[in-house]
Amino acid sequence: MTETQILDVFKKSEALLTGHFLLTSGRHSDKYFQCAKILQYPDHTEKLCTMIVDRFKEAEIDTVISPAIGGLVVGQEVSRQLNKRFVFAEREDGKLTLRRGFSLDKNEKVLVCEDVVTTGGSVFEVIDIVKNNNADVAGIGFIVDRSNGKVNFGFPQFSALKMNVASYPPEECPLCNSGSKPIKPGSRKL
Ligand code: ZN
């Protein structure tokens, strides 16, 4: 898929909204992005995950791992296309952990998958889980890089789309300055 085709899918599934938004960080933005809206549709999910699979098809991969919750759909679909095992890490006392009897073997080759990376915190935590089990990180594949290419995980990495979403503190918001009021995305009014 080209960047234009991806953005078109994002807009059609209303994953990418344009307006005046109050983000959870308290900052304002003229764009709001919710990856889960795209992943509602299996055909979109399949195509985007094929991009990740294509990037890593030469790599040796035994297992795909994702941080819950955002990464689950992506990790599951990538593992389905590769026909490899899929496990996920979930938060326990605020820390990502392998539960449910999941484990990684020594030297197992692991592909880390995520939906959206902003600072990469969850992915870095999953990389630590892989390392702590003496398994090997084969790469990192994700759908959207909201850091616009700034995050570097130190392993081969691929994102289907790089995005740069500008946001402002309320007092510096150009949209507020022009008299408009922000709305909270995800509210029923949308
Ligand atoms: Zn504003």
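In the predicted model, the chain comprises five helices and nine strands. Read from the N terminus, these elements follow the order α-β-β-α-β-α-β-β-β-α-β-β-β-α. The C-alpha atoms occupy a box of roughly 60 × 35 × 30 Å along the principal axes. The radius of gyration of the chain is 18 Å, which agrees with the value near 16 Å that a compact globule of 190 residues would have. Of the 190 residues, 41% are classed as buried. Contacts between residues at least 6 apart in sequence were also examined, and 62% of them join residues at least 24 apart.

The accessible surface of the chain amounts to about 10,400 Å², and carbon and sulfur atoms contribute 47% of this area. Charged side chains number 25 positive and 24 negative, with the centres of the two sets 4 Å apart.

Strand β6 spans residues 109-117, and eight of its nine residues are buried, so the strand is largely enclosed by the rest of the structure. Pairing involving β6 was found with β3 and with β7. Strand β3, residues 63-67, pairs with β6 in the parallel sense over three bridges. Within this pairing, Leu-111 of β6 stands opposite Val-64. Strand β7, residues 136-145, also runs parallel to β6, and eight bridges connect β6 and β7. Here Val-110 has Val-137 of β7 as its bridge partner.

An open sheet is formed by three strands in the order β1-β2-β9, with antiparallel pairing. The edge positions are taken by β1 (16-22) and β9 (167-168); each has a single partner strand, so one side of each is left without a neighbour in the sheet. Strand β2, residues 28-33, is joined to β9 by two bridges, and the two strands run antiparallel. In general, the strands of a sheet pair through backbone hydrogen bonds, in either a parallel or an antiparallel sense.

The loop between β2 and α2 contains Ile-38. This residue has a relative accessible area of 0% and is therefore buried, the limit for that class being under 20%. With residues up to four places away in sequence not counted, Ile-38 touches Val-9, Phe-10, Ser-13, Ala-15, Phe-33, His-44, Thr-45 and Leu-48. The C-alpha atoms of Ile-38 and Lys-12 lie 8.7 Å apart in space, while the two residues are 26 residues apart in sequence.

Thr-45, one of the residues touched by Ile-38, belongs to helix α2, which covers residues 42-55. Thr-45 has a relative accessible area of 5%, and so Thr-45 is likewise buried. When its neighbours within four places in sequence are left aside, the contacts of Thr-45 are Ile-38, Leu-39, Val-73 and Glu-77.

Key: Residues are numbered from 1 along each chain as its sequence is written. This is a predicted model: local features need pLDDT of at least 70, side-chain atom pairs count only at pLDDT 80 or more; totals for chains, interfaces and linings use all residues. Side-chain values use heavy atoms; hydrogens and water are left out. Helices (H or I, at least four residues) and strands (E, at least two) are DSSP runs, numbered from the N terminus. The radius of gyration is taken over C-alpha atoms; the globule rule is 2.2 Å times the number of residues to the power 0.38. Buried means under 20% relative accessible area, exposed over 50%, partly exposed in between (1.4 Å probe, protein chains only). Contact means heavy atoms within 4.5 Å. Accessible areas come from the Shrake-Rupley method with a 1.4 Å probe; for residues, only the protein chains shown count as cover. Lys and Arg count as positive and Asp and Glu as negative; His and the chain ends are not counted. The place of a charge is taken as NZ of Lys, CZ of Arg, CG of Asp or CD of Glu. Two strands pair if DSSP finds at least two bridges between them.
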